[in-house]
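Colleague: I am new to this protein and would like to learn how to read its features. Could you walk me through it, one topic at a time?

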Amino acid sequence: MHPPIDQESPTDALRRAARILRGATRVAVLTGAGISAESGLATFRGAGGLWEGHRVEDVATPRAFRRDPGLVWRFYNLRRAALAQVSPNPGHHALADLERRWGSDAFALVTQNVDGLHQQAGSQNVLEIHGTIRHVRCTGCEAITDRGTEALADLPACEACGQLLRPNVVWFEEALPEAVWKRAEDEVARCDCFLVVGTSAVVYPAAGLIDLARMEGAAVIEVNVVPSQASSRVDVLLLGPSGTVLPELVNALA
Ligand code: BJW
């Protein structure tokens, strides 16, 4: 558990985090929308977030898609277009550096993000537990196709069967992709150090990985610009933008 924030300087917290990380044999990471904020992608919650001006239930549930697929596709097409304009930031690159240091067999990156920026930064062992907006899935034949960031129709149709396509992401009330989720749980349960970056930790089951890591004896390091729902149950809280803090953490390992 981290000491009260006012009792430890940011430098001491960084040193302590580096010491923990250096001693770890296996490392797992959980990222959320905050890590992509410095690339120019909006987070979900809070001022200026993606949900501002949208009710979550209007754009991120299967019911919403059945009710008004045009509205849901407008929301996702805007985000796909934004993706074509952005690139990974130093936070993404720092995590790719960590994977190279530990090796992909001992390092796993579990992400709630659907933007693909970790892979673009060079991360290899990436588990996308909420899917990816670069892929579409047919509501008829279930075929999954990689459409990258190409512009799609307002109501895109499957080339094979003509049925309506949907973004291949996990909406509220939907199950996470089983095999990917199982691997994420395995990696987190086996790690000695769990790094939690840029997530409000309010969405389950992803947020439950923090408790799993703690239960299995891993040390938890959090990076966020403000304390999150997870902060009271982590060992070190590094307050600051991940695009600055993660490169500092990598440097502190040397
Ligand atoms: C920075 C920064 C910088 C900013 N540097 N930091 C147990 C308890 C309670 C509820 C449930 C439960 N189990 C299941 C539920 C229900 C539900 C749920 O969790 N609800 C809660 C909200 C109450 N979960 C589900 O429905 C899940 N499915 C499921 O459990 O299936 C079983 C089931 C079946 C049938 C019925 C019920 C259950 C599915 C969840 C799917 C979530 N999908 C979304 C959309 C994905 C597609 C898309 O992108 O459009 O995933 S919702 C959205 O939230 C998205 C994100 O991945 C997810 C998490 O958000 P994230 O990443 O944390 O972003 P923010 O914006 O919240 O936070 C950003 C953070 O960054 C902030 O802290 C900032 O401070 C920080 N930050 N700049 C560092 N520069």
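Modeller: Gladly. Leu-209 is found in helix H8, and what you see is a predicted model.

Colleague: Is Leu-209 buried or exposed?

Modeller: The general idea is a cut-off: a residue counts as buried when its relative accessible area is under 20%. Leu-209 has 1% relative accessibility, so it counts as buried.

Colleague: Which residues is Leu-209 in contact with, leaving aside its neighbours within four places in sequence?

Modeller: Leu-209 touches Leu-30, Val-110, Trp-181, Glu-185, Val-188 and Phe-194. Take Val-188 as an example: it is 21 residues from Leu-209 in sequence, and their C-alpha atoms are 6.9 Å apart in space.

Colleague: How do I read a pair of helices?

Modeller: Two packed helices are described by the angle between their axes and by the distance between those axes. Here, the axes of helix H7 (residues 178-190) and helix H8 (residues 208-215) come within 8 Å and cross at roughly 35 degrees. The crossing of H7 and H8 is right-handed. On the H7 side the contact is made by Trp-181, Glu-185, Val-188 and Ala-189, and on the H8 side by Leu-209, Leu-212 and Ala-213.

Colleague: What classes of residue make the contact of H7 with H8?

Modeller: Six are nonpolar, none is polar and one is charged.

Colleague: Which other residue has a positive phi although it is not a glycine?

Modeller: Glu-142, with a phi of about 70 degrees. You will find Glu-142 in the loop between S4 and strand S5 (144-146).

Colleague: Where is the place of Ile-129?

Modeller: Ile-129 sits in the loop between strand S3 (126-128) and strand S4 (131-138). Its relative accessibility is 0%, so Ile-129 counts as buried. Ala-206 is 77 residues from Ile-129 in sequence, yet the two are 8.0 Å apart in space, C-alpha to C-alpha.

Colleague: And what about His-118: buried or exposed?

Modeller: His-118 lies in helix H6 (residues 117-121). At 1% relative accessibility, His-118 counts as buried. Leaving aside neighbours within four places in sequence, its contacts include Thr-31, His-92, Asn-113 and Val-126.

Colleague: Let us step back. How many helices and strands are there in the protein?

Modeller: The protein has nine helices and nine strands. Of its 254 residues, 52% count as buried. Among contacts with a separation of 6 or more, 68% join residues 24 or more positions apart.

Colleague: What does the radius of gyration tell me?

Modeller: Compare it with the value for a compact globule. For 254 residues that would be near 18 Å, and the protein has 18 Å, which agrees. The C-alpha trace spans about 55 × 35 × 30 Å along its principal axes.

Colleague: And the accessible surface of the protein?

Modeller: The accessible surface comes to about 11600 Å², with 51% belonging to carbon and sulfur atoms.

Conventions
Residues are numbered from 1 along each chain as its sequence is written. This is a predicted model: local features need pLDDT of at least 70, side-chain atom pairs count only at pLDDT 80 or more; totals for chains, interfaces and linings use all residues. Side-chain values use heavy atoms; hydrogens and water are left out. Helices (H or I, at least four residues) and strands (E, at least two) are DSSP runs, numbered from the N terminus. Buried means under 20% relative accessible area, exposed over 50%, partly exposed in between (1.4 Å probe, protein chains only). Axes are lines fitted to C-alpha atoms, for helices over the stretch in contact, and angles run from 0 to 180 degrees between N-to-C directions. A crossing is left-handed if the near helix is turned anticlockwise from the far one by less than a right angle, and right-handed if clockwise. Contact means heavy atoms within 4.5 Å. Ala, Val, Leu, Ile, Met, Phe, Trp, Tyr, Cys and Pro count as nonpolar, Asp, Glu, Lys and Arg as charged, and the others, Gly among them, as polar. The radius of gyration is taken over C-alpha atoms; the globule rule is 2.2 Å times the number of residues to the power 0.38. Accessible areas come from the Shrake-Rupley method with a 1.4 Å probe; for residues, only the protein chains shown count as cover.
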